[in-house]
Amino acid sequence: MIWYPYEQMKTMKAPYKIVDADGVYLYTKDQKLIDSVSSWWCMIHGYKNPELTEAIKEQADHFCHVMLGGLTHDPVEKLSKKLEEFLPGDLDYCFFSDSGSVAVEVSLKMALQYNTNQGRKRPLVLALEHAYHGDTFKAMEVGDDEDYHFAFEEKTGVVHIPTEIPALEEAFEKYHDKLNCFIVEPLLQGAGGMRMYDISFLQRARELCDQYDVLLIFDEVATGFGRTGNRFVADLVLPDILVLGKALTGGYIGHAVTVANHKVFNAFYSDNDRHALMHGPTFMGNALACAAALKGIEIFERDDYMSKVKRIEEISHKEMDGFNAPGIKEVRIMGGCTCVEVYDPKTLDGFQQFAYERGVFSRPFLSYMYSMVPYVIKEEELVKIFDVMKEWFNK
């Protein structure tokens with residue numbers, strides 16, 4: 001029996017069974033659905049992209065996977081080289097893993113050991129209120145959402161602050177000599193409620209991290225590859241460590257990467273074996289995933305996906321700016337994300353089935369109805385998603 005995610009198995013309704021998928025569409029035996037959430041935000045190229053499929057098939061004809069312990073291969077070497085060229089600044093050192101949560105764990109481990117290797121004890125992590133960084137234990141610890149993280153009765157080793165510059169400055173003044181890193185979802189906090197904040201907060205964070213030698217980590221698992229309207233938020237403010245996942249492979253195979261700058265890497269590069277990063281996911285650098293990622297980045301650049309995101313944002317503003325109805329608290333739009341927040345979560349009860357019957361797959365959570373569409377979506381398909389959202393409130 002399948003144990004489904006984020007569900008009380010005793011009371012959950014039967015999930016929709018998908019029999020095919022193509023472009024932005026999911027198919028059940030009796031319905032054709034526009035996927036408004038890109039399968040948890042990763043399918044930026046849509047489904048059944050022939051180039052991505054062929055890249056995976058071609059690699060599978062050679063081999064599907066070999067471990068990176070004592071071995072290497074062309075796909076992982078090419079992807080590492082491509083990311084070195086593709087990413088901003090001196091984010092050059094790629095540590096691969098198999099999921100965003102694990103990649104976050106690696107980043108936190110790097111930050112702690114970065115200090116340990118230099119003989120410093122800095123046990124604290126600074127993080128944001130309403131943060132979500134994944135469901136593994138350290139990722140949950142730095143997260144701050146009671147709906148996901150109630151396993152922790154009391155969190156130690158982490159300080160949470162709002163996205164306000166005075167709170168940021170106060171935290172650094174109070175804890176700077178104990179902080180090993182500041183980890184953020186830059187500009188857009190996803191599972192914590194599609195919360196959006198200003199770039200000035202990150203700019204000030206960069207200044208303070210430089211001042212006190214605290215590592216700045218950007219968790220761009222959700223925000224990377226254009227979702228905020230920027231290629232990466234790291235293009236605007238450069239972190240010391242960047243975490244990527246989801247759209248890295250276009251959603252075709254699970255894979256992630258933690259990318260460190262030269263300062264971080266050099267703290268591990270030593271004649272002392274004890275300074276090595278002792279981590280090694282079995283499927284890190286998986287050859288199929290690397291092949292998919294390489295092709296996906298090629299398509300992203302060649303087909304100017306940032307212009308697609310800009311167009312999605314323009315249509316989103318045209319359709320949703322000023323929309324209001326009883327029960328709506330706020331409508332927020334950033335890049336390829338639109339969120340309708342309601343006052344009472346019960347307002348959204350039944351919306352998923354309502355949307356299904358009208359040809360849209362949606363997955364609202366808590367008080368948030370949102371869209372995070374594939375970038376290959378057509379204008380009429382995007383408008384249909386927003387029409388279904390508005391119809392729900394106007395029914």
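1. Basis. In this predicted model, local features need pLDDT of at least 70 and side-chain atom pairs count only at pLDDT 80 or more, while totals for chains, interfaces and linings use all residues. Residues are numbered from 1 along each chain as its sequence is written, and side-chain values use heavy atoms, without hydrogens and water.

2. Helix pair. Helices α2 (residues 50-60) and α10 (residues 287-302) cross at roughly 150°, their axes coming within 9 Å. That makes α2 roughly antiparallel to α10 (an angle over 145 degrees). The crossing is right-handed. Axes are lines fitted to C-alpha atoms over the stretch in contact, with angles from 0 to 180 degrees between N-to-C directions. Helices are DSSP runs of H or I, at least four residues; strands are runs of E, at least two.

3. Helix contact. Contact means heavy atoms within 4.5 Å. On α2, the contact residues include Leu52, Ala55 and Ile56; on α10, they include Leu288, Ala291 and Ile299. By class, the contact has nine nonpolar, two polar and three charged residues.

4. Sheet. Four strands form an open sheet in the order β1-β2-β3-β15, with mixed pairing. Pairing needs at least two DSSP bridges. The edge strands are β1 (20-22) and β15 (360-361). Strand β1 runs antiparallel to β2 (residues 25-27), joined by three bridges. Ala21 stands opposite Leu26 in β2.

5. Ser97. This residue lies in strand β4 (residues 93-97). Ser97 is buried, at 0% relative accessible area (buried is under 20%, with a 1.4 Å probe and protein chains only). Beyond four places in sequence, Ser97 touches Val102, Ala103, His255, Ala256, Pro281 and Met284.

Technical notes
Parallel < 35°, antiparallel > 145°, perpendicular 65-115°, else oblique. Left-handed = near helix turned anticlockwise from the far one by under 90°. Nonpolar A, V, L, I, M, F, W, Y, C, P; charged D, E, K, R; others polar. Buried < 20%, exposed > 50% of the residue type's maximum accessible area, 1.4 Å probe, protein only.
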